[in-house]
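Please provide a short report on the pocket lining and on surface-accessible residues of the following model.

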Amino acid sequence: ARPSLCRQRNDLPAYKGSASLPDGLPDIKTAVPGPRSKELLNKMTKRVETGTISFFIDVPKSKGNFVVDADGNRLLDAFSQISSLPLGYNHPALLEAAGSSMATMHLANRTALGMHPPESFQEDAIEALML
């Protein structure tokens, strides 16, 4: 049975085996945006346009489908970085792949893929997508 959001946290079954499952339920500690996000926004506004920023996130603390903001609020990330993170935040396999020498080379030497992709692009894509 699926856990109800109305249950107490200690009544929920353990979520194990997947980085994209939650460590817990959303946990709201402050208003969103909170004081730390507002402080960062005020500082950034002095240098660049910030009209589209909702709040700042703490990427290292975010996990799976939950994003943690600069104020420690854990929120279900329905925006999901515009689907750039289908495995969720800090997925171990994705972090491992990102640390590879191939990923480092592509990051440091990003080419215009639509005009002149690297010679190994097709093979790299097939391997990365496990096709």
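The lining of the largest pocket comprises 17 nonpolar, seven polar and three charged residues. In this division, Ala, Val, Leu, Ile, Met, Phe, Trp, Tyr, Cys and Pro count as nonpolar, Asp, Glu, Lys and Arg as charged, and the others, Gly among them, as polar. The model is predicted: local features need pLDDT of at least 70, side-chain atom pairs count only at pLDDT 80 or more, and totals for chains, interfaces and linings use all residues. Residues are numbered from 1 along each chain as its sequence is written, and side-chain values use heavy atoms, with hydrogens and water left out.

Of the 27 lining residues, Ala97, Ala103, His106, Asp124 and Ala128 lie nearest the centre of the largest pocket. Two or more lining residues come from each of helix 3 (92-98), helix 4 (101-108) and helix 5 (121-128); helices here are DSSP runs (H or I, at least four residues), numbered from the N terminus.

Leucine 131 lies in the segment after helix 5, and valine 32 in the segment before helix 1 (35-45). Their accessibility classes follow from relative accessible area (buried under 20%, exposed over 50%, partly exposed in between; 1.4 Å probe, protein chains only).

| Residue | Relative accessible area | Class |
|---|---|---|
| Leucine 131 | 76% | exposed |
| Valine 32 | 39% | partly exposed |

Valine 32 is 43 residues from leucine 75 in sequence, and their C-alpha atoms are 9.9 Å apart in space.

How values were computed
1 Å grid on protein atoms, 1.4 Å probe; cavity = no way out; pocket = protein on both sides within 12 Å on 5 of 7 lines; lining within 4 Å.
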